Amino acid sequence: GGTDPDKQVINLVPNQINYTDLYAGSGLQTKMLAGDYHYCLMDLTGLEMLLSMQAFPNLEEVLDEGRLARWEGRFRYVQTEGETYPIAIDITGTVLAAGCEYEGDYLFLGFPVNVDMVPTAIAFIDYLYESGLLEIL
């Protein structure tokens, strides 16, 4: 999002950032919570790492019913304290994913926890949908 190329995408490569790299993980979490990143494209390893940081909001609290229905079946869910909710959208096999270089079998789109960024996240999801970038190939 935005015009700053450093804030466009977070590419998490398992060989560069892993569970044992607490310094990098802490720095990334701080930047995400501060609103430095509008969205994240990540593989399954990256998603699991960011889940441990509680980096993503419950999308049921962010998206309206129409958007939730549109993406049903494409959500990645997390379960915490008996509650299950969506935290990322699986964009594997889409036009957007075909243009990305990533490791692993899956590619996910997530939005860091930051209340101020919710309108930007919603506008970005709508843009991707309306432009056809999230169509399955």
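Strands S3 (residues 75-80) and S4 run antiparallel and are joined by six bridges; two strands are taken to pair if DSSP finds at least two bridges between them. The model is a predicted one, in which local features need pLDDT of at least 70 and side-chain atom pairs count only at pLDDT 80 or more, whereas totals for chains, interfaces and linings use all residues. Residues are numbered from 1 along each chain as its sequence is written, and side-chain values use heavy atoms, with hydrogens and water left out.

Within this pairing, Gln79 stands opposite Thr84 of S4. The hairpin formed by S3 and S4 has two residues between the strands, and Glu81 adopts a positive phi near 50° there. Strand S4 covers residues 83-90 and includes Glu83. The relative accessibility of Glu83 is 41%, which places Glu83 in the partly exposed class; buried denotes under 20% relative accessible area, exposed over 50%, and partly exposed the range in between (1.4 Å probe, protein chains only).

Glu81 and Glu83 also belong to a patch of negative charge on the surface, together with Glu60, Glu61 and Glu72. Such patches are made of residues with over 30% relative accessible area and no salt bridge, with like charges joined within 9 Å and nonpolar side chains (Val, Leu, Ile, Met, Phe, Trp, Tyr) within 5 Å. Accessible areas come from the Shrake-Rupley method with a 1.4 Å probe, and for residues only the protein chains shown count as cover. Asp and Glu count as negative and Lys and Arg as positive, while His and the chain ends are not counted. The place of a charge is taken as NZ of Lys, CZ of Arg, CG of Asp or CD of Glu.

Three salt bridges are present in the structure, each defined as a side-chain nitrogen of Lys or Arg within 4 Å of a carboxyl oxygen of Asp or Glu. They link Asp64, Arg67, Arg70 and Asp126 in a network. Asp64 and Arg67 are bridged at 2.5 Å, N to O. Asp64 is partly exposed at 39% relative accessible area, but Arg67 is buried at 18%. Arg67 also forms a salt bridge with Asp126, at 2.6 Å from N to O. Because Asp126 lies in helix H5 (residues 118-130) and Arg67 in helix H3 (residues 65-71), this pair ties together parts that are 59 residues apart in sequence. Asp126 is itself buried, with a relative accessible area of 13%. The side chains of Arg70 and Asp126 meet at 3.7 Å, N to O, in a further salt bridge. This pair likewise links distant parts of the chain, with Arg70 in helix H3 and Asp126 in helix H5, 56 residues apart. Arg70 is partly exposed, at 34% relative accessible area.

Overall, the protein comprises five helices and five strands, where helices (H or I, at least four residues) and strands (E, at least two) are DSSP runs numbered from the N terminus. Their order along the sequence is β-α-β-α-α-β-β-α-β-α. Of the 137 residues in the protein, 42% are buried. Phe108, in strand S5 (residues 108-110), is buried at a relative accessible area of 1%. The C-alpha atom of Phe108 lies 7.9 Å from that of Cys40, although the two residues are 68 residues apart along the chain.
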